[in-house]
Amino acid sequence: MQKVSFFKSIHVKLVLIYILLILLALQIIGIYFARELEQNLKSNFRESIFQRVDLMQYSIREEMLKERDESMPTLEESLKTIVMEFSTGLKEVSNGDILEIRVIDNRQRIRATSEVDNQSLIGQRSNNDLVRRAISAETLFENIKLDNKTRNRVWVLASPIRNGVGPDDEIIGVLYIEANIESVFEQVNDINRIFLGGTAVSLVITIFLGILVARTITQPIADMRKQAQAMAKGNYSRKVRVYGTDEIGQLAITFNHLTNRLQEAQSTTEAERRKLDSVLSNMTDGVIATDRKGRIILINDPALELLHISRDITLGRPIASVLGIDQEYSFEDLIHMNDAVNLDFSTADAPYILRANFSVIQKETGFINGLITVLHDITEQEKIEMDRREFVSNVSHELRTPLTTMRSYLEALADGAWKDENIAPTFLNVTQTETERMIRLVNDLLQLSRMDSSDYELNKDIVLFNSFFNRIIDRFEMSKSDKVMFERLFSEASYYVEIDTDKVTQVIDNIISNAIKYSPDGGNIRFGFTAQGDMLKVMISDDGMGIPKENVGRIFERFYRVDRARARSMGGTGLGLAIAREMIEAHGGKIWAESEEGYGTTVFFTLPLNLDDFDEAGEWE
Ligand code: ADP
């Protein structure tokens with residue numbers, strides 16, 4: 001997740017807001033306070049002067065209106081005494097801020113000044129604008145001006161002096177006062193400076209407190225952010241610390257609750273996914289799921305095995321191309337496919353057929369979300385079906401041949417051959433042979449069908465194989481012509497096997513009769529057996545005509561005969577070895593043949609040894 005930059009963080013924003021608010025508040029307070037203070041100080045300053053001004057005006061008026069004689073001091077002297085006196089008095093109350101007091105008569109002539117250095121101005125005409133205006137407007141004027149020399153602010157007052165106390169009395173002069181008001185402004189400035197210092201201190205404290213307060217808000221938020229990041233990575237063990245019960249505390253509690261619920265939901269989903277995974281991988285059928293565009297998003301292990309591909313190259317590929325049917329069907333076709341599709345991957349050596357069933361993943365609205373394909377290996381099924389068809393056709397063929405033969409002979413007999421004493425017995429003999437062959441065939445078929453049924457059971461006994469094998473060979477030796485010679489390559493060791501003697505006798509009978517059947521005159525037939533692990537391996541070998549290499553494996557198939565005509569002429573049904581294989585396999589053994597055309601055939605079969613009675617292993621090879 002992107003990291004929040006320091007300046008964009010809530011923490012900084014909150015602190016900034018605090019500072020700005022405090023600044024604004026202090027600014028407003030400061031402006032209001034400074035203005036009020038200035039007004040207050042100014043009015044105090046004026047008040048302190050005005051208190052004396054009335055008295056001074058009274059004294060001046062009295063002096064100016066007084067009848068004078070020679071014994072009395074002049075008006076100028078008297079006025080000087082008054083202004084000097086008041087100047088000293090005012091200086092005391094206003095911290096020495098009174099600069100100058102002047103008395104000017106109504107003809108704008110300066111009659112007295114408190115300034116010792118300006119005594120030369122007495123008698124001169126005043127060119128002060130304020131004085132002129134006070135006389136002409138007959139009212140009081142005051143102003144604050146800048147002293148050009150000292151650069152101080154000076155408060156000036158021009159107050160008219162009347163010859164009475166009424167407002168209509170005649171103006172006889174003007175009292176002009178100059179006072180240094182700079183101290184008032186300095187006082188305001190001092191207080192402003194103190195205020196600014198206080199503002200700075202309070203700002204520092206605010207920043208500090210702001211950081212602390214902001215932390216109490218941002219800390220849980222940052223904690224929740226970390227928690228959310230951990231959750232995104234699948235870590236639900238982390239919990240947000242709850243600092244209090246305020247809104248943020250409540251949020252943290254809710255967040256933790258949410259985490260628990262998410263964890264539960266996640267583990268439920270995970271369990272469901274695992275269940276689905278195990279179902280998908282443990283089922284024998286292959287399952288492929290696609291998205292709505294037909295690209296594979298899920299494929300289980302059996303599907304990969306069935307298709308002989310790897311997951312990496314399959315995911316994201318179109319389903320039709322993975323199944324190898326993109327030439328015949330588009331994804332659209334597969335969506336609307338109601339029937340299963342057989343995928344034939346058979347090679348020349350081995351058949352391999354898969355059946356694919358398609359079902360659409362559809363929302364309630366009808367929107368198609370994807371396609372599920374279930375693959376099933378039907379090779380065995382197809383093989384069984386093919387075998388069944390072949391078997392039926394073989395049986396029909398095997399039965400039709402003798403029946404056709406019989407029909408033609410019987411027709412010949414019916415047409416009058418029965419009267420011919422020479423031909424009739426031969427013809428009847430043929431029909432009899434064919435009937436017997438059919439009976440043998442039907443018996444063999446019955447036997448096979450019995451063995452195919454599930455309730456087929458072996459009637460087992462423990463026998464010493466040496467003597468059991470010997471007895472069978474002896475039987476053949478007694479009945480056989482001198483055409484072939486028997487050779488027993490038996491070992492001294494005794495082998496016990498638990499077998500159904502009737503069935504194994506039938507197997508050995510069949511192999512020996514085949515060996516005799518396909519051996520030339522003077523041929524040799526060898527018998528042997530030996531232990532191989534926990535199995536007894538039995539061998540019956542002839543040096544007869546042999547079987548072509550490519551056919552050796554097939555002689556155990558039903559109705560298979562290397563040379564059909566020849567085998568049939570020898571009375572074979574083509575089922576003998578097939579029955580033998582069923583029987584040996586029912587015993588838990590195997591049967592196979594090795595042969596070289598023109599040099600002979602060796603048939604082997606194995607039977608499980610009864611190890612309790614096991615003697616010593618013998619060798620015949
Ligand atoms: P059949 O009744 O025709 O002998 P089997 O199932 O016993 O039927 O044998 C199948 C075929 O295997 C025979 O038709 C024959 O072609 C071949 N076969 C079996 N044993 C031998 C052998 N010892 N030598 C040569 N061919 C053999």
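Modeller: What follows starts at the ligand and then moves to the neighbouring helices.

This is a predicted model, in which local features need a pLDDT of at least 70 and side-chain atom pairs count only at pLDDT 80 or more, while totals for chains, interfaces and linings use all residues. Residues are numbered from 1 along each chain as its sequence is written, and side-chain values use heavy atoms, with hydrogens and water left out.

There are 20 residues around the ligand, and those that come nearest are N514, D542, R561, T573 and L577; a residue is called near if one of its heavy atoms lies within 4 Å of the molecule or strand in question. Some of these surroundings can be described through polar contacts, meaning pairs of N or O atoms within 3.5 Å; inside the protein, one atom must also be able to donate a hydrogen and the other to accept it, and residues adjacent in sequence count only if both atoms are side-chain atoms. In the case of D542, an N or O atom of the side chain is 2.8 Å from a nitrogen atom of the ligand. N510 also uses its side chain, where an N or O atom is 3.3 Å from an oxygen atom of the ligand. T573 takes part through its backbone instead, with a polar atom 3.0 Å from an oxygen atom of the ligand. Taken alone, the ligand exposes 530 Å², and the protein buries 96% of that, where accessible areas come from the Shrake-Rupley method with a 1.4 Å probe and, for residues, only the protein chains shown count as cover.

L577 leads on to helix α16, which spans residues 576-586; helices (H or I, at least four residues) and strands (E, at least two) are DSSP runs numbered from the N terminus. In this helix G576, L577, A578, I579, A580, M583 and I584 are buried, a word that means under 20% relative accessible area, whereas exposed means over 50% and partly exposed lies in between, with a 1.4 Å probe and protein chains only. The cover over these buried residues includes the helices α11 (423-452) and α13 (501-517) as well as the strands β16 (591-596) and β17 (600-608). Just after α16, G588 takes a positive phi of about 90 degrees.

Leaving aside neighbours within four places in sequence, Q447 is in contact (heavy atoms within 4.5 Å) with Q506, I579 and M583. I579 and M583 were already listed among the buried residues of α16.

Most residues other than glycine have a negative phi, yet the phi of F559 is positive, near 65 degrees. F559 counts as buried because its relative accessibility is 1%. F559 is touched by N394, which also touches R558 and R564 when residues up to four places away in sequence are not counted. N394 belongs to helix α10, residues 379-414, and counts as buried because its relative accessibility is 11%.

Side chains of opposite charge can pair when their charged atoms come close. The structure holds 30 salt bridges, and one of them joins the side chains of R389 and E385, at 3.2 Å from N to O. R389 and E385 lie 4 residues apart in α10, about one turn of the helix. R389 is partly exposed, since its relative accessible area is 44%, and E385 is partly exposed at 28%. Another salt bridge joins the side chains of E411 and R407, with 4.0 Å from N to O. E411 and R407 are separated by about one helical turn because they are 4 residues apart in α10. E411 counts as partly exposed at 45% relative accessibility, whereas R407, at 53%, counts as exposed.
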